[in-house]
Amino acid sequence: MAWLREAVELSRRCPRSDTAFAVGAVVVAADGEVLATGHSREADPLDHAEEAALAKIPAGDPRLATATVYTSLEPCTTRASRPRGCTDLILAAGIPRVVFAWREPGVFTDCVGAETLRDAGRTVVELPGLAPEVRAVNAHLFPA
């Protein structure tokens, strides 16, 4: 749960956007080494958290084959801004396990990241105990 908490904390660093969620991600090797972290809009206004983190790891790094991605929000499957969703990037990297706190609400697009990853043979763990914190970070997207 500590790495997922770190992902939630990273989401608090995201520049505010009215057209995208604030998300944090941590990629951790099997031995507990943090391979990379990222958050939405970290280096580019279109960056997603998982995308930002994965971009910091050399392609083909053998540690990815046993790594886990911890992300505050379910990895996206569809994007308006780029051709590949984060789910596709995780699959292409060969990462076998994803842990997230909150299922992506249908605010911008329909997301089936958890199902897509499971269907591809990946282990997906949802820890909804941190979902209220993730929702709070994104509260501006849900006007009363």
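**A tour from strand 4 to the cores**

Start by selecting strand 4 and strand 5 (residues 123–126), which pair in the parallel sense over four bridges; strands pair if DSSP finds at least two bridges between them. Helices (H or I, at least four residues) and strands (E, at least two) are DSSP runs, numbered from the N terminus. You're looking at a predicted model, where local features need pLDDT of at least 70 and side-chain atom pairs count only at pLDDT 80 or more, while totals for chains, interfaces and linings use all residues. Residues are numbered from 1 along each chain as its sequence is written, and side-chain values use heavy atoms, leaving out hydrogens and water.

Now click phenylalanine 100: its bridge partner in strand 5 is glutamate 126.

Next, go to threonine 68 in strand 3 (residues 68–73). Threonine 68 counts as buried because its relative accessibility is 9%, and buried means under 20% relative accessible area (1.4 Å probe, protein chains only). Beyond its neighbours within four places in sequence, threonine 68 is in contact (heavy atoms within 4.5 Å) with Val26, Val27, Val28, Ile95, Arg97 and Val99.

Finally, pick out Leu4, Phe21, Val26, Tyr70 and Trp102, which have the most contacts inside the largest nonpolar core, of 19 residues. Such a core is a set of buried Ala, Val, Leu, Ile, Met, Phe, Trp, Tyr and Cys residues joined through side-chain atoms within 4.5 Å. Helix 1 gives the most to this core, with four residues.

Technical notes: Buried means under 20% relative accessible area, exposed over 50%, partly exposed in between (1.4 Å probe, protein chains only).
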